[in-house]
Amino acid sequence: MLKYTVKRILLAILTVFIIAAVTFFAMNAIPGGPFSTEKAKDPAVEAALMARYNLDKPVGEQFVLYLGKLLQGDFGVSLKTGRDISTTIFSKFAVSAKLGGTAALCAVLVGVVLGSIAALCRNRWPDRLIIFLTTLFVSVPSFILATVLLLIFCLQLGWFPVWSPKNPSMVLPVISLMLSPMSYITRLTKTSMLDVLGQDYVRTARAKGVRQSLVIFKHALRNALIPVITYVGPMVASILTGSMVVETVFTIGGLGTEFVKSINNQDYTMIMGTTIFLAVLMVVATLISDLVYKLVDPRITFD
């Protein structure tokens with residue numbers, strides 16, 4: 001297992017490097033720049049700014065200089081605000097992590113429960129109702145769902161307040177984020193449960209008179225969770241970092257909002273910092289989900 005872990009860490013480092021390189025060169029290939037504005041700017045001032053942030057050098061040399069600072073843990077400062085990027089990322093991520101973490105936890109718990117119910121009630125009305133709702137939630141884009149929830153439950157009915165730092169009501173944003181992954185987990189759990197319930201060891205346990213609850217939770221559900229774990233790792237990272245649309249709809253100032261703002265402003269250092277941070281988060285979540293396989297099913301080996 002140690003050998004496998006070391007190999008995955010090395011592959012993760014290579015993955016992050018490739019993502020950083022592709023992002024850096026693609027970003028610099030886009031016309032314009034962080035100091036390009038509609039208003040005319042003194043060429044001398046613009047040249048001084050370009051020299052200060054090494055933007056006057058060839059792109060390859062810029063990338064090497066950036067990597068040198070990155071290896072020292074320095075993400076640089078924002079080209080627009082002058083603020084330290086590390087401080088900005090972690091402060092904004094705290095908001096996104098609270099929102100996304102709650103949504104991911106609710107998606108997993110509700111999805112596993114609904115998927116198990118659908119499998120145990122196959123071809124009956126609970127199964128049909130669950131599959132209908134999950135298909136609906138998967139089909140509706142998150143920004144439409146977030147907008148509908150905001151208009152109905154916040155503005156029309158007034159059940160929930162508009163999100164603000166002083167009154168951070170996260171019920172509607174969490175629901176908007178969790179419904180789509182919850183629906184996928186529900187369908188995945190149902191399919192896996194149906195497969196496990198048809199295995200010989202489950203039928204043998206039932207023939208020996210083992211309690212139904214013990215058969216479901218000890219034998220069936222534990223083995224049915226392995227495909228779910230495969231999806232949950234990347235899903236958690238995706239929810240934590242990809243909530244930009246929902247954050248925009250509910251005016252939540254998280255990392256997703258900051259990422260969109262940096263793209264619009266062509267803030268190169270902020271784009272690179274957030275991209276690398278999100279890439280690291282994704283590969284770490286994927287690695288953790290792979291290692292959890294061993295805890296769920298000791299028969300799995302990494303040889």
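Author: Helices here are DSSP runs of at least four residues, and strands are runs of at least two, numbered from the N terminus. The model is predicted.

Reader: What percentage of the residues of the protein chain count as buried?
Author: The cut-off for buried is under 20% relative accessible area. The chain has 303 residues. The buried part is 40%.

Reader: What share of the accessible surface of the protein chain belongs to carbon and sulfur atoms?
Author: The accessible surface comes to about 16,700 Å². Carbon and sulfur atoms hold a share of 68%.

Reader: What share of the contacts with a separation of 6 or more comes from residues 24 or more positions apart?
Author: Contact means heavy atoms within 4.5 Å. Take the contacts in the protein chain with a separation of 6 or more. Residues 24 or more positions apart account for 75%.

Reader: Are the axes of α1 and α3 parallel, antiparallel, perpendicular or oblique?
Author: Helix α1 covers residues 2-29, and helix α3 covers residues 59-71. Their axes come within 11 Å and cross at roughly 140°. That angle makes α1 relative to α3 oblique.

Reader: Is the crossing of α1 and α3 left-handed or right-handed, and how do the residues of the contact divide?
Author: From α1 come Phe-17, Ala-20, Ala-21, Phe-24, Phe-25 and Asn-28. They meet Val-59, Gly-60, Gln-62, Phe-63, Tyr-66 and Leu-67 in α3. The crossing is right-handed. The residues of the contact divide into 9 nonpolar, 3 polar and no charged.

Reader: Ser-86 is in helix α4. Is Ser-86 buried or exposed?
Author: Leaving aside neighbours within four places in sequence, Ser-86 is in contact with Gly-73 and Phe-75. Its relative accessibility is 16%. The cut-off for buried is under 20%, so Ser-86 counts as buried.

Reader: How far apart are the axes of α4 and α5, and at what angle do the helices pack?
Author: Helix α4 runs over 85-120 and α5 over 125-139. The two are oblique to each other. α4 passes α5 in a left-handed crossing. The axes are 7 Å apart, and the angle is about 140°.

Reader: Which residues of α5 does α4 meet, and how many residues of the contact are charged?
Author: On the α4 side stand Leu-114, Ile-117 and Ala-118. They meet Pro-126, Asp-127 and Ile-130 in α5. By class the contact has 5 nonpolar and no polar residues, and the charged count is 1.

Reader: Where does Asn-123 lie, and what is its phi?
Author: Asn-123 sits in the loop between α4 and α5. At 53% relative accessibility, Asn-123 counts as exposed. Asn-123 is not a glycine, yet its phi is positive, at about 65°.

Reader: Is α6 roughly parallel or roughly antiparallel to α7?
Author: Helix α6 takes in residues 142-156, and helix α7 residues 171-197. The axes are 9 Å apart, at an angle of about 150°. Angles over 145 degrees count as roughly antiparallel. So α6 is, relative to α7, roughly antiparallel.

Reader: Which residues of α7 do the α6 residues meet?
Author: α6 passes α7 in a right-handed crossing. The contact divides into 9 nonpolar, 1 polar and no charged residues. Leu-145, Ala-146, Leu-149, Leu-150, Phe-153 and Cys-154 represent α6. In α7 they meet Leu-172, Ile-175, Ser-176 and Leu-179.

Reader: Pro-227 lies in helix α9. Which residues does Pro-227 touch, not counting residues up to four places away in sequence?
Author: At 32% relative accessibility, Pro-227 counts as partly exposed. Its C-alpha atom is separated by 7.9 Å from that of Thr-189, 38 residues apart along the chain. Pro-227 touches Leu-188 and Ser-192.

Reader: How far apart in space are Phe-250 and Thr-147, C-alpha to C-alpha?
Author: Phe-250 lies in the loop between α10 (244-249) and α11 (255-265). At 5% relative accessibility, Phe-250 counts as buried. Phe-250 and Thr-147 are 103 residues apart in sequence. In space, C-alpha to C-alpha, they are apart by 8.4 Å.

Conventions:
Residues are numbered from 1 along each chain as its sequence is written. This is a predicted model: local features need pLDDT of at least 70, side-chain atom pairs count only at pLDDT 80 or more; totals for chains, interfaces and linings use all residues. Side-chain values use heavy atoms; hydrogens and water are left out. Buried means under 20% relative accessible area, exposed over 50%, partly exposed in between (1.4 Å probe, protein chains only). Accessible areas come from the Shrake-Rupley method with a 1.4 Å probe; for residues, only the protein chains shown count as cover. Axes are lines fitted to C-alpha atoms, for helices over the stretch in contact, and angles run from 0 to 180 degrees between N-to-C directions. Angles under 35 degrees count as roughly parallel, over 145 as roughly antiparallel, 65 to 115 as roughly perpendicular and the rest as oblique. A crossing is left-handed if the near helix is turned anticlockwise from the far one by less than a right angle, and right-handed if clockwise. Ala, Val, Leu, Ile, Met, Phe, Trp, Tyr, Cys and Pro count as nonpolar, Asp, Glu, Lys and Arg as charged, and the others, Gly among them, as polar.
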